[in-house]
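Visitor: Could you take me through the interior of this model, and then through what surrounds it? I would like a close look, with the cut-offs spelled out.

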Amino acid sequence: MSTPGLHERLETVRAGIADAARLAGRSVDTITPIVVTKFHPASLVRELAGLGVHDVGENRHQEAQAKAAELADLGLTWHFVGQVQGKKARQVRGYASVIHSVDRESLVTALASDESGIDCFVQVNLTADPGRGGVEPARLEPLVEAVLAAPGLRLLGLMAVAPLGEEPRRAFARVRALSERVRPLAPEATALSMGMSLDYAEAIAEGATHLRIGTAITGNRPAHG
Ligand SMILES: *Cc1c(COP(=O)(O)O)cnc(C)c1O
């Protein structure tokens, strides 16, 4: 069983990433594309693995946990990109290798562990709406310090979603500037998780190291309740 167009869409995005990297004078080896498979069945993730995909992203804990268990034989790297509830934090640690959405001190506390380290990004909210995921830029440094101080967490860098109504390249330039602002605190946390289906080329131009791409590869998400 194969999903119509999946291979073609994957190849189109791979070529788009290579083009954007070339334009930016960057090596594609510095860019990790993550295919966001939320709402799609495990069978689609298995197809993607067959096409050479190693990194997949999910944003809902129960769905992610079930798929990771069902597909454990594939050796995929699971990225959690959605809001993490404090009481589910330990469970997310169980299957995810990277958490892109650390956005508050209480979550850092919930994720901290003496077990082996998990990679994470601090998510920054680029909108004026506090209901959106991410820490507001004014509160970024204390959160970065909390992550650095927590056992079992390794800070890779910053994650953000470009707001609707802002030129994506400008939004990503803001993330890059925030990353430079925290550099003295966290010299090794240079990664930037930014860029989705419609704006990954702009993100690459501003230094993205981790792209989170869903529908451009998977096709439209199935309806969900
Ligand atoms: C769904 C999702 C994506 C992928 O979005 P597309 O527009 O389908 O590429 C990326 N990041 C996060 C945080 C998401 O929830």
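Guide: Gladly. A nonpolar core here is a set of buried Ala, Val, Leu, Ile, Met, Phe, Trp, Tyr and Cys residues joined through side-chain atoms within 4.5 Å. Buried means under 20% relative accessible area, exposed over 50%, and partly exposed in between, with a 1.4 Å probe and protein chains only. The model is predicted, so local features need pLDDT of at least 70 and side-chain atom pairs count only at pLDDT 80 or more, while totals for chains, interfaces and linings use all residues. Residues are numbered from 1 along each chain as its sequence is written, and side-chain values use heavy atoms, leaving out hydrogens and water.

The largest nonpolar core has 63 residues, and Ile99, Val122 and Leu140 have the most contacts inside it. Helix H1 gives the most to this core, with six residues; helices (H or I, at least four residues) and strands (E, at least two) are DSSP runs numbered from the N terminus. Contact means heavy atoms within 4.5 Å. Setting aside neighbours within four places in sequence, Ile99 touches Phe80, Val84, Val92, Leu111, Ile118, Asp119, Cys120 and Phe121.

Leu140 leads us to a helix pair. Together with Glu141 and Val144 in H6, Leu140 meets Leu178, Arg181 and Val182 in H7. The residues of this contact divide into four nonpolar, no polar and two charged; Ala, Val, Leu, Ile, Met, Phe, Trp, Tyr, Cys and Pro count as nonpolar, Asp, Glu, Lys and Arg as charged, and the others, Gly among them, as polar. The axes of H6 (residues 140-149) and H7 (residues 168-182) come within 11 Å and cross at roughly 60°. Axes are lines fitted to C-alpha atoms, for helices over the stretch in contact, and angles run from 0 to 180 degrees between N-to-C directions. H6 and H7 are therefore oblique to each other, since angles under 35 degrees count as roughly parallel, over 145 as roughly antiparallel, 65 to 115 as roughly perpendicular and the rest as oblique.

Now to H2 (residues 42-50), whose buried residues are Ala42, Leu44, Val45, Glu47 and Leu48. These pack against elements including H1 (6-24), strand S1 (32-36) and helix H3 (61-70). Just after H2, glycine 52 takes a positive phi of about 95°. In the loop between S1 and H2 sits phenylalanine 39, with a positive phi of about 70° although it is not a glycine. At 17% relative accessibility, phenylalanine 39 counts as buried.
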